[in-house]
Amino acid sequence: MKNNILLLLTALIWGCAFVAQSVGMDYVGPFTFNAVRCLIGSVVLLPVIGLMDRWKKKSGVSEAQIRKERGDTKTLVTGGICCGVVLAVASSLQQFGILFTTVGKAGFITAMYIVLVPILGIFLGRKIRPLILLCVVIAVTGLYFLCMTEKLSLGIGDLFVLICALVFSIHILVIDHFSPLVDGVRMSAIQFLTAGVVCGVPMLLFERPQIMDILAAWMPVAYAGVMSCGVAYTLQILGQKNADPTVASLLLSLESVFSVLAGWVILGQRLSGKELFGCGLMFLAIVLAQMPQKK
């Protein structure tokens with residue numbers, strides 16, 4: 001129960017982060033928001049790394065075992081940089097999408113990565129279950145009801161977020177490759193640092209932010225950096241320890257539901273009956289995609 005509560009809290013923090021991302025862009029541009037929040041996230045994870053090392057030592061884990069879990073430095077840095085570059089692209093697409101769509105729709109469309117990851121796995125030689133194909137059909141149907149206008153066109157914001165979901169799927173596959181080889185928290189700190197630097201380049205070229213604008217956006221930026229990147233990531237690690245992976249993934253997928261609720265309660269953004277039906281179909285696909293292979 002303690003693990004489930006931690007994972008539920010993680011999903012709540014991530015869901016509310018969509019609101020912070022939307023509000024933050026009232027003050028600064030998308031690249032500025034991402035650059036600052038990723039750099040904050042990297043800094044926040046540094047004390048977490050120290051605390052977790054101390055906790056391992058108190059638990060009787062030897063220094064040699066800690067070094068083994070840390071992994072090869074070259075692999076750690078390479079993995080962090082690769083993940084950071086992909087994360088910078090995905091989060092930037094998401095930020096631009098949120099400019100033109102509601103946070104609830106953005107949350108559900110982003111969650112499409114859960115269905116897309118197995119599809120992309122085909123290109124890596126992985127087998128795909130028939131259930132996943134059914135999930136794709138259900139998710140695409142849900143996407144139609146959620147995003148398509150009366151003119152049968154996809155909104156520009158929804159399109160950005162849909163491409164973002166595809167890039168997040170690639171991000172998950174990159175993490176899947178490197179995470180067994182190195183310490184996840186250290187790689188994440190490098191990842192956020194890299195993403196912050198990558199987003200910082202177009203920030204300086206195209207947005208030229210003023211320090212007063214960043215300070216004016218301190219609350220949404222701090223929430224996205226400290227809570228979404230630092231606190232939620234740590235809660236996820238603690239919550240998934242000795243937890244059932246299927247239950248963990250189902251609880252974390254509630255992020256999309258919390259994004260709709262947060263957008264409604266905080267920003268007053270409401271979805272029509274047709275859009276809510278689309279959300280329901282997409283959530284059904286997300287849940288089915290995470291069911292175990294056996295019964």
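Okay, some housekeeping. What we have here is a predicted model, where local features need pLDDT of at least 70, side-chain atom pairs count only at pLDDT 80 or more, and totals for chains, interfaces and linings use all residues. Residues are numbered from 1 along each chain as its sequence is written, and side-chain values use heavy atoms, with hydrogens and water left out.

Let's start with charges. How many salt bridges does a search of the whole structure find? The search finds 5, and a salt bridge here means a side-chain nitrogen of Lys or Arg within 4 Å of a carboxyl oxygen of Asp or Glu.

Have a look at lysine 56, which pairs with aspartate 183, with 3.8 Å between the closest N and O atoms. Lysine 56 sits in helix H2 (residues 30–58) and aspartate 183 in the loop between H8 and helix H9 (184–207), so this pair ties together parts that are 127 residues apart in sequence. When I say helix, I mean a DSSP run of H or I with at least four residues, numbered from the N terminus. Buried or exposed, what is lysine 56? Lysine 56 counts as buried, at 14% relative accessibility, and buried means under 20% relative accessible area, while exposed is over 50% and partly exposed is in between, using a 1.4 Å probe and protein chains only. Aspartate 183 is buried too, at 11%.

Aspartate 183 also has a salt bridge with arginine 186, at 3.5 Å between the closest N and O atoms, and both of those residues are buried. Put together, Asp53, Lys56, Asp183 and Arg186 are linked in a network of salt bridges.

Over to another pair: lysine 105 and aspartate 158 meet in a salt bridge at 3.3 Å, N to O. That one links helix H5, which holds lysine 105, to helix H8, which holds aspartate 158, 53 residues apart. Lysine 105 is buried at 9%, and aspartate 158 is buried at 4%.

Staying in H8, find phenylalanine 168. This residue is buried, with 14% relative accessibility. Which residues does phenylalanine 168 contact, leaving aside neighbours within four places in sequence? They are Leu87, Ala90, Ser91, Gln94, Thr110 and Tyr113, where contact means heavy atoms within 4.5 Å.

Next, helix H14, residues 273–289. Its 17 residues reach 24 Å from first C-alpha to last, close to the 24 Å expected at 1.5 Å a residue; that expected span is 1.5 Å times one less than the number of residues. Its buried residues are Glu275, Gly278, Cys279, Leu281, Met282, Ala285, Ile286 and Ala289. What covers them includes H5, H6, H7 and H13.

Last stop, the surface. Leu99, Phe100, Leu154, Ile156, Leu159 and Ile163 form a nonpolar patch with about 510 Å² of accessible area together. Patch residues have over 30% relative accessible area and no salt bridge, with like charges joined within 9 Å and nonpolar side chains (Val, Leu, Ile, Met, Phe, Trp, Tyr) within 5 Å; areas come from the Shrake-Rupley method with a 1.4 Å probe, and for residues only the protein chains shown count as cover. H8 gives the largest share, 3 residues. Phenylalanine 100, in helix H4, is exposed at 52%.

Note on methods:
Helices (H or I, at least four residues) and strands (E, at least two) are DSSP runs, numbered from the N terminus.
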